[in-house]
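This report looks at nonpolar packing and at the contacts made by aromatic rings. The model discussed here is a predicted one.

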Amino acid sequence: MDGGGSEQQGTVTCGSWIRRPENVNWVVFGTKQSTCSVLTVFSYDPNTTSLSSSPLATYVFEAVDGEPVSIAVHPSGDDIVCSTSNGGCKLFELHGQDSNVKLLARESAPLQGIGPQKCLAFSVDGSKLSTGGLDGHLRILEFPSLSMILDEPKAHKSVCDMDFSLDSEFLASTSTDGSARIWKTEDGVPVTTLTRNSDEKIELCRFSKDGTKPFLFCTVQKGDKALTSVWDISTWKKIGHKRLLKKSAAVMSVSKDGKYLALGSKDGDICVVEVKKMEICHWSKRLHLGTCIATLDFCPTERVVLSTSSEWGAVVTKLNVPADWKEWQIYLLLLGLFLASAVAFYIFFEKSDNFWNFPLGKNQPARPEFGAFIKDSQPSDDRNIWGPVDM
């Protein structure tokens, strides 16, 4: 682990952040060990950018389940789905805080025996779960009921990647044969297949998440050139592309606020792109030297990414990007502006005669003192000078 984090025994096969209440973040890993496979949860310390040395919770898979393949965490942080190489998917509930954390397996009949799933994803609103199999089988399920919305055995040759849109209305999925399809999540109806040239292969996909740019980002392999292309989701037409990583990407991720896009290469490099400018703002070269990056995930509340590989395990990396404004800093700025305005008004009022330099007439009274504005007015002696009027 980077930064003095936990020591993983065995090979890390998948991982993800877990968002907990009060901006606390944990991490969950699927690990293949010599005698068994386990699911482990670690705490994260933002002050040292490292994970705890010992796990908060551990679940040991049965031998018949095989090893963990992929993992997804519900936006609430209370549910985890993990696909295994032999036993389909397992659903876990996360209970407890800090020193008393438990991973409890839950019955999930629709997910049992469905085979290894290359991709697992929850919708942004948490109402849907999608699974993409190595056999090309694509499913969309309601969550937590797990009632089936889409059950398409021949969606792809083999699912490569998938992602939900910010409003959870669409699901994008890509195939190992280079195709990409868009689905309506409400009823599972296919919307379109993204257009591409005969020499292009669409590999990875992520929707924009900043709420202002309705785009779909895809990595496209065109011969020996690796491109990042952008589709407008209102028309599903490609509007441009750019060479960012300049090598084949193995994994792609978008930050929770949509400001940053990250790409992980097949030989261990990571680049982070500022979406607004579509320019690289952070490089981590040879982070997983010579090894394909399997997991790349942004921390929900910090400018930190989690990456995993079979050779180097899990690494937590702090990004070299401008710090975000904290909530208390915004309130302090507003308070400062208010106080500055009050002081400026008082100075202007006190110095107004000198500023305007108006001469006073012979019978013109001088400007009243500031205190006169805040004193209680006295009742006038001649307020009822006429008395009652007879009508």
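## The largest nonpolar core

Which residues does Val41 touch, not counting residues up to four places away in sequence? With that exclusion, Val41 touches Ile18, Trp26, Val27, Val28, Pro55, Leu56, Ala57, Leu94 and Leu103.

The largest nonpolar core has 17 residues, and the members that touch the most others are Ile18, Val28, Leu39, Val41, Ile80, Phe92 and Leu103. Two or more residues of this core come from each of β1 (11-20), β2 (24-32), β3 (37-45), β5 (57-60), β6 (68-73), β7 (79-84) and β8 (88-95).

## Aromatic pairs

The model contains eight aromatic pairs. One of them joins Phe122 and Phe143 in an edge-to-face arrangement, at 5.0 Å centre to centre and with 85 degrees between the planes. Because Phe122 lies in strand β10 (residues 117-122) and Phe143 in the loop between β12 (138-142) and β13 (148-152), the pair ties together parts that are 21 residues apart in sequence. Phe122 and Phe143 are both buried.

The ring centres of Phe170 and Trp236 are 5.3 Å apart with their planes at 85 degrees, so this pair is edge-to-face. Phe170 belongs to strand β15 (residues 170-175) and Trp236 to the loop between β20 (225-232) and β21 (237-242), so the pair ties together parts 66 residues apart in sequence. Phe170 is buried at a relative accessible area of 12%, and Trp236 counts as buried at 12% relative accessibility.

## Other ring contacts

Tyr59, Phe61 and Phe92 make up one aromatic cluster. Elsewhere, Lys285 lies over the face of Trp283, 5.0 Å from the ring centre.

Technical notes: Residues numbered from 1 in each chain as written. Predicted model: local features only at pLDDT ≥ 70, side-chain atom pairs only at ≥ 80, totals over all residues. Heavy atoms only, no water. Core = buried A, V, L, I, M, F, W, Y, C linked by side-chain atoms within 4.5 Å. Buried < 20%, exposed > 50% of the residue type's maximum accessible area, 1.4 Å probe, protein only. Helix = DSSP H or I, 4+ residues; strand = E, 2+ residues; numbered from the N terminus. Contact = heavy atoms within 4.5 Å. Phe/Tyr/Trp six-rings, centres within 6.5 Å; stacked < 30°, edge-to-face > 60°. Lys NZ or Arg CZ within 6 Å of the ring centre and 35° of its normal.
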